Amino acid sequence: MSRSQGLPVKPLQETARHVVRVELKSGVLYWGIMIEGEDNWNCQLWNIICTAKGKCHDWSMFLSDQAK
C-alpha cells in the first residue's frame, strides 16, 4: 500500500541539507540546516540560531514536534 504525499509535504522533505527558516505559531524563529522533514511536519534542524522575545540563542540540534 503506497501513501501519497500532499504537495506541501514534498518540498519540506526536499529541503534536507539546506538552510531553512522555521517560524512557529508563537512567533519563535529558527534558522538552521534541515536534517529531516517528516510527513507530519516534524523537522530536525542542525546548527540553529533561535530568535525569541528579542533574544538570540545558538543550539546544535532542534526537533520540532508539531504532531500534538
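These are my notebook entries on one protein chain, taken from a predicted model.

**Entry 1: overall layout**

I began with the elements. I found one helix and four strands in the protein chain. From the N terminus on, they run α-β-β-β-β. I then looked up burial: of the 68 residues, 28% count as buried. The chain exposes about 5,300 Å², and carbon and sulfur atoms supply 55% of that area. I also checked contacts between residues at least 6 apart in sequence; 23% of them join residues at least 24 apart.

**Entry 2: confidence**

The mean pLDDT of the chain is 78, and 78% of its residues reach 70 or more. Confidence is highest in E1, at a mean of 90, and lowest in E4, at 70. A note to myself: where pLDDT is low, the predicted coordinates should not be read in detail.

I turned to strands E2 (residues 29-37) and E3 (residues 43-52). They run antiparallel, and seven bridges join them.

Most residues other than glycine have a negative phi. I therefore noted the exceptions, given that general rule. Arg-17 is not a glycine, yet its phi is positive, about 70 degrees. I located Arg-17 in the loop between helix H1 (9-14) and strand E1 (19-23). Is Arg-17 buried or exposed? Its relative accessible area is 72%, so Arg-17 is exposed, the cut-off being over 50%.

Asn-47 also has a positive phi, near 60 degrees. Asn-47 lies in strand E3. Its relative accessible area is 48%, so I logged Asn-47 as partly exposed.

**Entry 3: Cys-56**

Where is Cys-56 found? I placed Cys-56 in strand E4 (residues 55-64). E4 is the element with the lowest mean confidence. Cys-56 counts as exposed because its relative accessibility is 55%.

Which residues does Cys-56 touch, leaving out those up to four places away in sequence? I listed Ile-49, Cys-50 and Thr-51. I also checked Leu-29. Cys-56 and Leu-29 are 27 residues apart in sequence, and their C-alpha atoms are 9.6 Å apart in space.

Technical notes
Residues numbered from 1 in each chain as written. Predicted model: local features only at pLDDT ≥ 70, side-chain atom pairs only at ≥ 80, totals over all residues. Heavy atoms only, no water. Pairing = 2+ DSSP bridges. Helix = DSSP H or I, 4+ residues; strand = E, 2+ residues; numbered from the N terminus. Buried < 20%, exposed > 50% of the residue type's maximum accessible area, 1.4 Å probe, protein only. Contact = heavy atoms within 4.5 Å. pLDDT = per-residue confidence, 0-100. Areas by Shrake-Rupley, 256 points an atom, 1.4 Å probe, with all protein chains shown as cover.
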